[in-house]
Amino acid sequence: MTNLYHLLVVSLVLISSFAPTIQNHFATTPPLPVLPLPSYSQLKWQQREIIFFHHFGVNTFTDSEWGTGKENPKIFNPKGLNTAQWIDVAVQTGVSLSILTAKHHDGFCLWPSKYTDHSVVGSPWENGNGDVVQEFTNAAKARGVDIGLYLSPWDRHDRRYGDILAYNEYYMAQLQELLNKYGSVNEIWFDGAKGSNAPNMSYLFNDWFQMVAELQGTINIFSDAGPGVRWVGNENGFAGTTCWSTINRTSLSIGNGSIVNYLNTGDPRGTDWLPAECDVSVRPGWFWHKSESPKKLSDLLEIYYNSVGRNCVLLLNVPPNTTGLISANDIQRLKEFKSAIDTIFSKNLAESCSLTASSIRGGKNSGFGPEAMLDKDHLWTYWAPKDNGNKEHWIEITATNGELRFNVVRIQEAIGLGQRIKKHEIYVDGKRIAKGTTVGYKKLHRLENGVIKGRSVRIRVIGSRGIPLISSVGLHFDPFWHPIGR
């Protein structure tokens, strides 16, 4: 009995001494997410950064922005239409999603709808047998570009507009045509645009949304109220300096002008993940006009910093001309834009530096160290500090050879586990050079005073929902940035 007792005691001692050794072989677990979280489709959308819009229709041929609905379909005749060229421009610009105005406010349909003759069937183009939507989707599929569609709720042509039942049935019939006939659609665009003299009309948005979700399971639905992507609240391409991907959908309604500021900033207490899309045109107008030219490169870069650089996706409109092509001067400006972005961000000075942090979750070899911020995964690898209550968290980038010279600081959060950072500051050699609020998927600080030189850069997170999780950092030089007076 005594021997059995001693054997049992020895066995327990061995087990207890060995158990921690076994435990130490397990990886440190990630922290709990901070809700709400993005869906798979929203994450994919966010990583696109820039997408295209193509406004094309009868307005292209009448030199107008809002058609009357009384246009004769015979005016639509893009004799050189080549949607493959549109998609080539998208690919050359690094764009992986293009959205087409299948129907604008004038009611003219770019596909042969069974429910109206106010469409390409009445056009001399292709002798009335053409289908712009089909050509567009075929061209996109051939190049691996995803598509989106805009079907204007306001219809200035159809006589059913104003009859709630009849028009909503008509609209949903066209939705079914577009979402059943043309393959996978990754984004659909709804808005509340309507003239002041338009007939009173109630849209059955919830019915539309449910129909869309039924027909296209991975689609993102854009509107003032989502449910997949929200409008940023203006058509300048600028998000708020504070921009949360979270918001309360119950506070939103489509076409409500009083909520534009809320749309612009989002809500840190929001219960819904509804990121913002910044829509703006490469030209002054949304449709092509012979008298207009593309925006200057400096203007496009300003838009980029204030959209993509503020946790949003930039929806850049590139309108085809009356021939049915993207104009040469627009193509040239887009090439310059893409080249400028590549020039600025192709080199990350932080990659040749040493990185330290205030703390590391799980210790040095846990996989959550600051080195995770320099890999190519900007979602699922990240620096995570220890959870130490409200204590300040920081990371420091230190030059190992000479001084650093830069004018752009990039910070990215691991948004797959929620948007967290509420307030942060940036110091160079102990002097504060920038401060901000939200970060989200990407925050770009283009420094107001121009080029900064120094040996160490510290990013302090001084307000966060839970512990901050930073997936990527960068120090970049923008040769196109010349602050006034500098």
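How many nonpolar, polar and charged residues does the lining of the second largest pocket have? By class, there are nine nonpolar, seven polar and five charged residues. The model is predicted.

**Second largest pocket**
- Its volume is about 430 Å³.
- The second largest pocket is lined by 21 residues. W189, D191, A193, W231 and E235 are the closest to its centre.

**Largest pocket**
- The largest pocket has a volume of about 640 Å³.
- Its lining counts 24 residues. Nearest the centre lie K435, H445, R446, L447 and E448.
- Four elements each supply at least two lining residues: α9 (297-305), β16 (431-436), β17 and β18 (452-454).
- Strand β16 gives the most, with six residues.
- By class, the lining of the largest pocket divides into eight nonpolar, seven polar and nine charged residues.

**Three-stranded sheet**
- Three strands form an open sheet in the order β17-β14-β20, and the pairing is antiparallel.
- β17 (443-446) and β20 (470-476) each have a single partner strand, so one side of each is left without a neighbour in the sheet. Both stand at the edges.
- From one strand to the next, the twist averages 10°.
- Strand β14 (residues 408-413) runs antiparallel to β17, and four bridges join the two.
- Across this pairing, I411 stands opposite K443 in β17.
- β17 also takes part in the lining of the largest pocket, where it supplies at least two residues.

**Cis peptide bonds**
- The bond from L35 to P36 is cis, with omega near 0°. P36 sits in the loop between α1 (2-23) and α2 (40-48).
- The bond from G226 to P227 is also cis, with omega near 15°. P227 belongs to the loop between β5 (220-223) and β6 (229-231).

- E49 is not a glycine, yet its phi is positive, at about 70°. This residue lies in the loop between α2 and β1 (50-54).
- Is E49 buried or exposed? E49 counts as buried because its relative accessibility is 15%, and the cut-off for buried is under 20%.
- E126 also has a positive phi, near 55°, and is a residue other than glycine. Its place is the loop between β2 (97-103) and α5 (132-143).
- At 44% relative accessibility, E126 counts as partly exposed.

Conventions
Residues are numbered from 1 along each chain as its sequence is written. This is a predicted model: local features need pLDDT of at least 70, side-chain atom pairs count only at pLDDT 80 or more; totals for chains, interfaces and linings use all residues. Side-chain values use heavy atoms; hydrogens and water are left out. Two strands pair if DSSP finds at least two bridges between them. Axes are lines fitted to C-alpha atoms, for helices over the stretch in contact, and angles run from 0 to 180 degrees between N-to-C directions. On a 1 Å grid over the protein atoms alone, a cavity is a set of points where a 1.4 Å probe fits but cannot get out, and a pocket is an open set with protein on both sides within 12 Å along at least five of seven lines; lining residues have an atom within 4 Å of a point. Grid points are joined across faces, edges and corners, and a volume is the space filled by probe spheres set on the points. Ala, Val, Leu, Ile, Met, Phe, Trp, Tyr, Cys and Pro count as nonpolar, Asp, Glu, Lys and Arg as charged, and the others, Gly among them, as polar. Buried means under 20% relative accessible area, exposed over 50%, partly exposed in between (1.4 Å probe, protein chains only).
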